[in-house]
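User: I have a new structure open and would like a short walk through it. Can we go topic by topic?

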Amino acid sequence: MNGNKTRVDPVEYSLRTSWQSIRMMYHEEAIKYGVTYAIGFALLSIDPKTGTPSTSIGPIMGLEANSLSRLLKTMEINKFIYRKPNPHDGRGVIILLTKKGLKKRDITKNKVIKFNRLIKNNITKKDLTVFLKTTNTIKNLISENTVF
């Protein structure tokens, strides 16, 4: 090496560091309420009225089956959720929120709403539209396997 600093491309770096900041912010807040970032995300992924099939939660959260299984087990131990047989699929289960889980979900939802409000109050509608379009394009490029 000639002593020059390696320059990191700003697109990937900016996405990664922004996401890490958001994740850490939510995780630090979640701990105050006796949950984790992952549990909060899972609580928001479960329909508060009808529950959600366990097989639908993993794809929503981007989790593999083993990770989801451990997360749901932790949530069950903490009495945030309970399971019941899926009446439409005898092999599956529906994940439902307990009263405690509903309370934690409401707290989580309010934190997300507060963060979104802060963003919308500090970024112009035009810039936010461009940002959302850009991130959607990135997701599409990745899902179409056009990156590598």
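User: Which residues have the most contacts inside the largest nonpolar core?
Analyst: I39, I46, I57, L72, M75, F80 and I81 have the most contacts inside the largest nonpolar core, which has 16 residues. A nonpolar core here is a set of buried Ala, Val, Leu, Ile, Met, Phe, Trp, Tyr and Cys residues joined through side-chain atoms within 4.5 Å. Buried means under 20% relative accessible area, exposed over 50%, and partly exposed in between, with a 1.4 Å probe and protein chains only. This is a predicted model, where local features need pLDDT of at least 70 and side-chain atom pairs count only at pLDDT 80 or more, while totals for chains, interfaces and linings use all residues. Residues are numbered from 1 along each chain as its sequence is written, and side-chain values use heavy atoms, leaving out hydrogens and water.

User: Which elements supply at least two residues of this core?
Analyst: α2, α3, α4 and β3 each do. The largest share, four residues, comes from α4. The element names follow DSSP runs, numbered from the N terminus: helices are H or I with at least four residues, strands are E with at least two.

User: What is M75 in contact with?
Analyst: Leaving aside neighbours within four places in sequence, M75 is in contact with I39, A42, L43, I46, F80 and I81. Contact means heavy atoms within 4.5 Å.

User: Now α3. Which of its residues are buried?
Analyst: S54, I57, G58 and M61 are buried in helix α3, residues 54–61. They cover an arc of only 100° around the axis, so they sit on the same side of α3. That arc is taken from the directions from the helix axis to the C-beta atoms.

User: Which residues are exposed on the other side of α3?
Analyst: T55 and P59 are exposed there.

User: And what covers the buried residues of α3?
Analyst: The cover includes α2 (37–45), β1 (52–53), α4 (65–77) and β3 (89–97). After α3 comes G62, with a positive phi near 75°.

User: Which residue other than glycine has a positive phi?
Analyst: K79 is one, with phi near 65°. Most residues other than glycine have a negative phi. K79 lies in the loop between α4 and β2 (81–86), and at 57% relative accessibility K79 counts as exposed.

User: Switching to charges. How many salt bridges are there?
Analyst: The count is five. The rule asks for a side-chain nitrogen of Lys or Arg within 4 Å of a carboxyl oxygen of Asp or Glu. In one of them, R16 pairs with E12, with the closest N and O atoms 2.9 Å apart.

User: Where are R16 and E12 in relation to each other?
Analyst: Both are in helix α1 (residues 10–31), and because they are four residues apart, about one helical turn separates them. In general, an α-helix has 3.6 residues a turn, so residues three or four places apart point the same way. R16 is partly exposed at 42% relative accessible area, and E12 is partly exposed at 42%.

User: What does K111 meet in a salt bridge?
Analyst: The side chain of K111 meets that of E29, at 3.0 Å from N to O. This pair links distant parts of the chain, with K111 in helix α5 (residues 99–122) and E29 in helix α1, 82 residues apart. K111 is partly exposed, at 27% relative accessibility.

User: Which residue forms a salt bridge with D89?
Analyst: R91 does, the closest N and O atoms being 3.5 Å apart. D89 is partly exposed at 28%, whereas R91 is exposed at 78%. Elsewhere, salt bridges that share partners join E29, K32 and K111 into one network.

User: What does L44 touch?
Analyst: Not counting residues up to four places away in sequence, L44 touches R105, T108, K109 and V112. L44 is in helix α2 and is partly exposed, at 29% relative accessibility. The C-alpha atoms of L44 and V112 are separated by 9.8 Å, although the two are 68 residues apart along the chain.
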